[in-house]
Amino acid sequence: MLARVESTKEDLRKELLRVAIDCFAKHGYAATSIDRIAKAAGVTKGALYYHFKDKEELLLESVRNRIGQFEKRVVEELQPQASAAAALHALARICFDHATRSNHRRLIVTLMVEALDTHPALERLFRDMMQRFRAFLAQVIRRGQKQKEFRTDVAPELAAELFAGAVMGAEIQYYQDPAGFDLARALHAYSEQFVQWLQPTRTRSRRATGTRKE
């Protein structure tokens, strides 16, 4: 009986978190009140406060939840890929799914901008997330270089920064104009061009900044 009660509590907590994520993604942190979340979830404020002490805890839990889901999927789907190029293409598909079939990336982009000057704890979460994302990308690119799939005169860290920046830029354009911006086409084209740029058969002049010699 106790296990059933605990399961019900956990299910309600997950549902409240899902509703809060929707509200934060649509309205941002400042415009999302406890009243708004409770009303959208169909519960009282007391029920909400039973599971979360305040709006900030609800916000941080929402962000950790979405970041955790995204990172788990990236690791699970990219690590088994036979080639680094296939991993980058798979990452583009994952980003497309999260941008169009869930509110994960919209939540991240919406709150990331809002947190720049107003919420230090949230800003740290995002900074850590982006650092892990770039580090993972650099690891994939480094693996491609080790397997002689990618050229070695490009710093993996720089390549990771370029890829992450392009993905975020494409997603922002999609959120601003979902009917006029083809996100799938943009991400596919960019991953194709990026992989071609990294191929060792492609000749390119070396620059002092962001490159290294073999």
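These legends accompany close-up views of a predicted model of one protein chain.

**Figure 1. Confidence along the chain.**
The model is predicted, and its mean pLDDT is 84. Of its residues, 87% reach 70 or more. Among the elements, helix α9 (residues 183-198) has the highest mean pLDDT, 95. Helix α6 (residues 104-118) has the lowest, 70. Where pLDDT is low, the predicted coordinates should not be read in detail.

**Figure 2. The largest nonpolar core.**
This core has 66 residues. F24, V63, L88, L111, L122 and L198 have the most contacts inside it. Helices α1 (2-27), α2 (34-41), α4, α5 (84-100), α6, α7, α8 (156-176) and α9 each supply at least two core residues. Helix α7 gives the most, with 11 residues. In soluble globular proteins, nonpolar side chains tend to be buried together.

**Figure 3. V63 and its surroundings.**
V63 lies in helix α4 (residues 55-78). V63 has a relative accessible area of 0%, so it is buried. Leaving aside neighbours up to four places away in sequence, V63 touches L107, I108, L111, L122, L125 and F126. Take I108 as one of these partners. V63 and I108 are 45 residues apart in sequence. In space, their C-alpha atoms are 7.3 Å apart. V63 is also among the residues with the most contacts inside the largest nonpolar core, as are L111 and L122.

Helix α7 runs over residues 120-146, 27 residues in total. At 1.5 Å a residue, helix α7 should span 39 Å. The C-alpha atoms at its ends are 38 Å apart, which agrees. Just after α7 comes K148, with a positive phi of about 60°. K148 is a residue other than glycine. K148 sits in the loop between α7 and α8. Its relative accessibility is 68%, so K148 counts as exposed.

**Figure 4. A160 in helix α8.**
A160 has its place in helix α8. Is A160 buried or exposed? At 0% relative accessibility, A160 counts as buried. Not counting residues up to four places away in sequence, A160 touches R134, L137, A138 and I141. A160 and I141 are 19 residues apart in sequence. From C-alpha to C-alpha, A160 and I141 are 7.7 Å apart.

The structure holds 11 salt bridges. One of them joins the side chains of E71 and R132, at 2.9 Å from N to O. This pair links distant parts of the chain, 61 residues apart. E71 is in helix α4, and R132 is in helix α7. E71 is partly exposed, at 24% relative accessibility. R132 is partly exposed as well, with a relative accessible area of 41%. Side chains of opposite charge can pair when their charged atoms come close.

Which residues form salt bridges with R73? E77 is one partner, at 2.7 Å from N to O. R73 and E77 both lie in helix α4, four residues apart, about one turn of the helix. R73 is partly exposed, with a relative accessible area of 25%. E77 is partly exposed too, at 34%. D97 is another partner of R73, with the closest N and O atoms 2.8 Å apart. R73 lies in helix α4 and D97 in helix α5, so this pair ties together parts that are 24 residues apart in sequence. D97 has 15% relative accessibility and counts as buried, the cut-off being under 20%. Elsewhere, salt bridges that share partners join R13, E61 and R64 into one network.

A disulfide is a covalent bond between the sulfur atoms of two cysteines. In this model, the count comes to zero disulfides. C23 has 6% relative accessibility and counts as buried. C95 has 0% relative accessibility and also counts as buried.

Methods: Residues are numbered from 1 along each chain as its sequence is written. This is a predicted model: local features need pLDDT of at least 70, side-chain atom pairs count only at pLDDT 80 or more; totals for chains, interfaces and linings use all residues. Side-chain values use heavy atoms; hydrogens and water are left out. The expected span of a helix is 1.5 Å times one less than its number of residues. pLDDT is the predictor's confidence in each residue, from 0 to 100. Buried means under 20% relative accessible area, exposed over 50%, partly exposed in between (1.4 Å probe, protein chains only). Contact means heavy atoms within 4.5 Å. A nonpolar core is a set of buried Ala, Val, Leu, Ile, Met, Phe, Trp, Tyr and Cys residues joined through side-chain atoms within 4.5 Å. A disulfide is a pair of cysteine sulfur atoms within 2.5 Å. A salt bridge is a side-chain nitrogen of Lys or Arg within 4 Å of a carboxyl oxygen of Asp or Glu.
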